[in-house]
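I opened a new entry today and wanted to get my bearings. Here is what I looked up, in the order I went.

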Amino acid sequence: MGSGLIDELNAVLDRISADNDIHAVLITGNGTNFSAGADLSQFINSPYAFMEMSKKGENTFDRITK
């Protein structure tokens, strides 16, 4: 899961939160895996970037579980 996907997911969560007609959401994956994890190739050169992306992903998944 890369930074772009996390940003897209947050944008969708924002739209869902703003729509009072949505009462449930079903999130599915494509293919045989729901999530294979982070795209670590984006963060190999910078431990700081890795930590920031990790925090961003954690916040996004916290939003989903609330």
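I started with Asp14, which is partly exposed, with a relative accessible area of 44%. I noted that this is a predicted model.

What does Asp14 pair with? I found a salt bridge to Arg63, with the closest N and O atoms 2.8 Å apart. This pair links distant parts of the chain, as Arg63 sits in helix H2 and Asp14 in helix H1, 49 residues apart. Arg63 is partly exposed too, at 31%.

I then searched the whole structure and got three salt bridges. Another one joins Lys56 to Asp7, and its closest N and O atoms are 2.4 Å apart.

**Helix H2**

Which residues of H2 are buried? I listed Met53, Gly57 and Thr60. Seen down the axis, the buried residues of H2 fall within an arc of 60 degrees, so they line one face of the helix. They pack against helix H1 (3–18). On the other side of H2 I found Pro47, Tyr48, Met51 and Thr65 exposed.

**Whole protein**

I counted two helices and zero strands. Of the 66 residues, 14% are buried.

Notes
Residues are numbered from 1 along each chain as its sequence is written. This is a predicted model: local features need pLDDT of at least 70, side-chain atom pairs count only at pLDDT 80 or more; totals for chains, interfaces and linings use all residues. Side-chain values use heavy atoms; hydrogens and water are left out. Helices (H or I, at least four residues) and strands (E, at least two) are DSSP runs, numbered from the N terminus. Buried means under 20% relative accessible area, exposed over 50%, partly exposed in between (1.4 Å probe, protein chains only). The arc is that of the directions from the helix axis to the C-beta atoms. Contact means heavy atoms within 4.5 Å. A salt bridge is a side-chain nitrogen of Lys or Arg within 4 Å of a carboxyl oxygen of Asp or Glu.
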